[in-house]
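Please look through the sequence and the model shown here before reading the report that accompanies them.

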Amino acid sequence: MRGSEGPALAFENVAKSYGGTRAVQGVSVQIEPGQFVALVGASGSGKSTLLKTVNRLVEPSAGRVLFEGEDVAGLPLAALRRRIGYVFQSIGLFPHMTVAENIGIGPRLAGQKIGTSRVSELLELVELDAEMARRMPEALSGGQRQRVGVARALAGDPHLLLMDEPFGALDPVTRDSLGERVRGLHQEFGLTTVMVTHDMAEALLLADRVLVMDEGQIVADEHPQALVAGGGGEIAQALVAVPRHQAERLAELSR
Ligand SMILES: Nc1ncnc2c1ncn2[C@@H]1O[C@H](COP(=O)(O)OP(=O)(O)OP(=O)(O)O)[C@@H](O)[C@H]1O
């Protein structure tokens with residue numbers, strides 16, 4: 001089960017600057033084990049930068065990130081990344097490797113091999129046929145590739161799943177069904193999940209906690225119900241207004 005009591009993830013005064021750009025400005029927030037957190041905000045608000053401080057794709061300029069109570073800066077990189085599943089929009093499957101090899105890449109880098117039955121099991125979790133294991137990534141649709149990306153992220157039995165716009169490039173139907181599937185897997189495996197998204201509707205429907213970022217800071221930290229009820233302040237409400245207006249217009253059409 002979980003490696004420690006206490007928060008799964010803690011950001012303590014985390015800041016990151018790129019030259020003169022202050023991408024993240026003193027973020028302190030804790031994420032409890034089992035939470036599904038959406039990180040929402042306008043383009044350039046610092047969401048991806050904050051997320052990447054967890055698996056050290058970005059090193060903070062100040063502050064620290066604790067994963068299960070340990071400062072990530074002090075953990076060997078390979079061991080840290082093995083404990084964290086990471087899914088991102090452009091997927092990053094290796095084109096010269098089969099689906100099975102792509103799924104097994106994390107464990108393989110850690111000196112372990114995953115067998116055919118484990119690959120089949122992982123494919124089944126993301127609702128793909130076991131036959132896909134032998135295919136090359138170019139022979140998959142975008143949605144299927146993204147499912148392989150999720151399977152790969154789960155291959156190391158992570159406690160924590162980080163997702164950066166995981167469904168951004170998918171058509172709405174695939175996006176919806178893969179979102180639901182990931183929510184189901186989150187539940188089934190007792191994961192802690194942090195998902196970056198532009199889409200407030202997706203955040204409200206999938207997450208149980210929504211963090212809103214603006215100019216490198218967290219400006220709202222609310223349950224979806226509270227946001228829908230009008231909470232979280234002006235910036236959060238401007239984002240909630242988009243799906244709300246859409247829902248109202250659809251309701252008008254059915255009158
Ligand atoms: N490697 C980098 N070098 C220089 N500036 C960067 C780098 N990465 C991000 N930035 C800048 O930091 C700020 C925050 O970027 P970040 O990608 O974290 O935002 P975001 O909220 O995830 O945006 P988006 O939703 O568009 O992906 C932006 O101003 C961006 O231009």
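This is a predicted model: local features need pLDDT of at least 70, side-chain atom pairs count only at pLDDT 80 or more; totals for chains, interfaces and linings use all residues.

Residues are numbered from 1 along each chain as its sequence is written.

**The sheets**

Strands of a sheet pair through backbone hydrogen bonds, either parallel or antiparallel. Helices (H or I, at least four residues) and strands (E, at least two) are taken here as DSSP runs, numbered from the N terminus, and two strands pair if DSSP finds at least two bridges between them.

Another open sheet has six strands in the order β6-β7-β8-β3-β9-β10, and its pairing is mixed. Here β6 (84-88) and β10 (217-222) are the edge strands, each with a single partner, so one side of each is left without a neighbour in the sheet. Neighbouring strands of this six-stranded sheet are turned by 15 degrees against each other on average, direction ignored.

| Strand pair | Bridges | Residues opposite each other |
|---|---|---|
| β1 (residues 9-18) and β4 (residues 62-67) | five bridges | L9 and F67 |
| β4 and β5 | two bridges | F67 and E70 |
| β9 (residues 209-214) and β10 | five bridges | M213 and I218 |

Helix α10 (residues 234-253) packs on the six-stranded sheet and touches β3 (36-41), β9 and β10, while its direction makes about 65 degrees with that of β10. Two residues are in contact if their C-beta atoms, placed from the backbone, lie within 7 Å. Axes are lines fitted to C-alpha atoms, for helices over the stretch in contact, and angles run from 0 to 180 degrees between N-to-C directions.

**A pair of helices**

How are α6 (residues 142-154) and α7 (residues 172-188) placed against each other? They pack at an angle of about 15 degrees, with their axes 11 Å apart, and are therefore roughly parallel to each other, a term that covers angles under 35 degrees. The contact is made by G143, Q146, R147, V150 and L154 of α6 together with T174, L178, V182 and L185 of α7. These residues divide into five nonpolar, three polar and one charged, where Ala, Val, Leu, Ile, Met, Phe, Trp, Tyr, Cys and Pro count as nonpolar, Asp, Glu, Lys and Arg as charged, and the others, Gly among them, as polar.

**Around the ligand**

The residues around the ligand include Y18, T21, G44, K47 and H198, a residue being near a molecule if its C-beta atom, placed from the backbone, lies within 6 Å of it. Two or more residues of this shell come from each of β2 (21-31) and α1 (47-52), and the largest share, three residues, comes from α1. By type, the shell divides into two nonpolar, nine polar and one charged.

Key. Angles under 35 degrees count as roughly parallel, over 145 as roughly antiparallel, 65 to 115 as roughly perpendicular and the rest as oblique.
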